[in-house]
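Please open the structure in your viewer and keep the sequence beside it. The tour below goes from one selection to the next and says what is there at each stop.

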Amino acid sequence: MSVADDQFDAEADEIIHACLNLEKPKSFFLYAGAGSGKTRSLVEAIRKVCREQGRRLSLTGQKIGVITYTNAACDEIKQRLEFDPRVEVSTIHAFAWSLIAGYDADIRQWLAARLLQDVAELEEAQAKGRRNSKAATDRARSIESKLRRYAGLDSITRFVYSPTGDNRTRDALSHAEVIAMTADFLGTKPGLRRLLITRFPILLIDESQDTSRRLMDALLDVEAAYRDAFCLGLLGDTMQRIYADGKDRLAEAIPDAWAKPRKRMNHRCPTRVIALINKIRRDEDGEEQQPRSDAGPGVVRLFVVPQSIADKAVAEAAIAARMGEITGDQNWAAGSEAIKTLALEHMMSARRFGFEQFFEPLYAVERIRTSFLEGTGAGIGLFTREILPLVTSMRASDRFAAAAVVRRTSPLLERKALEAAGNKQAEILGKARAACDGLLALVSANEKPTARAVLRYVAETGLFTIPDVLAPFTVADEVAPEGDAEGEAGEEASEEQEVNRKSELGGWRLALDAPFDQIEKYDRYVRGASQFDTHQGVKGLEFPRVMVIVSDDEARGFMFAYDKLFGAREKSKTDLENEAAGKETTIDRTRRLFYVTCSRAEESLAVVYYTADPALARDSMIRQGWFEPDEIEFIG
């Protein structure tokens with residue numbers, strides 16, 4: 001390992017260390033591309049602060065705050081820092097709650113205003129929408145649920161929240177509410193701002209490009225107001241922004257007064273992969289990385305495949321075997337365990353892995369897309385953290401594990417219910433056991449139940465608490481089918497259906513029609529346990545052999561457009577208008593995802609491109625210059 005390579009970005013580390021001066025703090029934005037050793041720089045900088053200024057932190061009771069995106073990243077940084085008590089490492093949700101917990105009167109007031117605003121918007125949509133439609137029924141039930149929650153606010157003395165839980169009790173806040181509330185409070189409450197900078201004179205945010213834009217804007221405002229006493233350190237790479245609610249064009253929002261160190265060496269990838277990812281981002285921001293002097297050459301290939309090919313799995317197995325021939329690495333031919341397969345668009349994975357009907361309607365709802373991809377939120381949590389674990393335990397005849405699931409969250413076995421039952425506790429336990437047995441029978445029937453059927457069973461038996469967002473679907477609809485009349489139900493009905501699809505309620509209505517077993521497949525996917533991995537799941541990780549699968553047809557052109565990125569299709573009028581206005585385009589989003597996935601490869605990379613016109617695609621890619629002509633092969 002070259003010492004010179006390890007010191008290549010030493011200047012960036014020195015700049016960061018100089019900024020973390022409690023006497024004279026200076027905010028900074030660290031550009032750190034793929035494989036640049038960002039986490040190592042973060043940990044080393046914190047260690048230096050603790051060595052040189054740790055006594056001051058201990059005497060004042062202050063801490064260095066570190067915000068990371070996942071619990072796994074939190075654990076890794078804590079371990080590297082040997083659990084230093086002067087450093088508080090947390091996810092953004094845990095950090096936000098640490099600021100506002102206990103402000104119960106303010107939380108109540110904020111929630112009341114938000115609920116009334118939501119009700120007003122629903123009532124406006126109800127007035128414009130078609131009566132006796134499923135969408136109207138959903139809205140009516142949602143209005144009723146929100147008004148019920150509004151009426152109960154005064155009886156809540158203390159609000160609760162778990163950054164890793166589903167937060168479904170009457171006094172609990174949702175993940176989205178905590179983030180929005182914290183952003184609003186930081187903007188309107190000077191006392192909370194002072195509390196923030198007093199507790200955390202240094203606040204470092206990893207993967208800052210994916211931090212909620214509302215909260216990021218609030219933190220930038222705090223920094224501007226307290227610049228002489230507060231260091232806000234943002235680490236990340238705008239090219240690796242993958243969540244829709246991250247702040248667009250974050251680099252452009254950074255004040256001129258900030259330090260802007262850059263880490264330009266890629267310690268992960270071989271030279272050929274680095275050359276490719278430099279070209280991918282060339283038209284985005286022109287940033288380039290340098291390979292290590294001891295980096296291997298690496299292998300990159302583009303396989304162009306007709307999108308009409310009958311069996312994609314067979315084609316991809318043939319491509320893996322061909323990569324084994326090209327590289328001399330027989331692990332390519334050893335099967336999927338040795339290859340990391342990355343689909344650039346979630347809908348592709350949903351279709352291939354068999355959970356499309358459940359996934360597509362909820363993925364289409366922009367407001368909940370980020371939490372849905374993370375597998376969080378009260379609605380999805382009911383299925384993935386309560387119903388599925390119970391079903392899994394019952395299938396395995398593990399009564400002990402099943403009892404643990406029910407005892408943890410079921411209202412049937414709440415302590416108050418058992419205490420009230422007195423000597424009739426055996427009846428309650430029998431009722432819970434019968435409910436569990438009935439659930440197993442339902443999901444094991446020859447005719448697969450829908451997610452809605454499972455939800456209604458759980459509601460009827462009281463097995464688990466039903467979150468508000470799913471409450472409208474626990475009873476049968478009492479309306480005429482949409483579109484069964486002429487005139488009013490024609491064009492107007494299609495508009496109503498479109499509105500329905502864009503709402504969270506509409507998304508759930510459609511998703512619950514999917515077979516229950518699709519939720520199990522979705523759960524495996526978002527946890528990274530399926531053969532396909534998410535681009536969220538692999539960010540920061542690396543693999544010797546990577547296969548990236550690209551297909552506009554499978555992705556249905558939803559949010560992304562590979563043919564446009566690769567030059568095989570012209571930009572749309574909307575793309576050109578957004579480009580002219582400085583707004584994000586489908587090509588921008590696609591470029592970022594392609595960059596993130598290609599930059600995972602440590603040794604060799606195969607890009608599989610399904611297209612309607614392979615010859616046109618090959619010519620376009622040669623003109624683009626990302627791949628050499630002899631690196632492009634036709635399959636099928």
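Begin by selecting Ser-397, which is exposed, with a relative accessible area of 64%; here buried means under 20% relative accessible area, exposed over 50% and partly exposed in between, using a 1.4 Å probe and protein chains only. Ser-397 is found in the loop between α17 (378–395) and α18 (399–409), where helices (H or I, at least four residues) and strands (E, at least two) are DSSP runs numbered from the N terminus. The phi of Ser-397 is near 55°, a positive value in a residue other than glycine. Most residues other than glycine have a negative phi.

This is a predicted model, in which local features need pLDDT of at least 70 and side-chain atom pairs count only at pLDDT 80 or more, while totals for chains, interfaces and linings use all residues. Residues are numbered from 1 along each chain as its sequence is written, and side-chain values use heavy atoms, with hydrogens and water left out.

Next, select Glu-207, another residue that is not a glycine and has a positive phi, of about 50°. Glu-207 lies in the loop between β4 and α10 (213–225), and with a relative accessible area of 14% it is buried.

Six strands form an open sheet in the order β3-β2-β4-β5-β1-β6, with parallel pairing, two strands being paired if DSSP finds at least two bridges between them. At the edges are β3 (87–91) and β6 (262–263), each of which pairs on one side only. Strand β4 (residues 202–205) and strand β5 (residues 231–236) pair in the parallel sense over four bridges, and if you select Ile-202, its bridge partner in β5 is Cys-231.

Cys-269 counts as buried at 3% relative accessibility, and Cys-598 counts as buried at 0%.

The aromatic residues come next. The count comes to 19 aromatic pairs, where rings of Phe, Tyr and Trp (its six-membered ring) pair if their centres lie within 6.5 Å, and planes under 30 degrees apart count as stacked, over 60 as edge-to-face and the rest as tilted. Select Phe-355 and Phe-359, whose ring centres are 5.5 Å apart with planes at 85°, so the pair is edge-to-face; both residues are buried. Ring pairs link these two into a cluster whose members include Tyr-363, Trp-508 and Tyr-525. Over the face of Tyr-363 lies Arg-369, at 5.3 Å from the ring centre; a charge sits over a ring if NZ of Lys or CZ of Arg is within 6 Å of the ring centre and within 35 degrees of the ring normal.

For the last stop, select Lys-312, whose charged end sits over the ring of Tyr-610, 5.1 Å from its centre. Then select Ala-315, which lies in helix α13 (residues 312–327) and is buried, with a relative accessible area of 4%. Not counting residues up to four places away in sequence, Ala-315 touches Ile-309, Tyr-610 and Ile-635, contact meaning heavy atoms within 4.5 Å.
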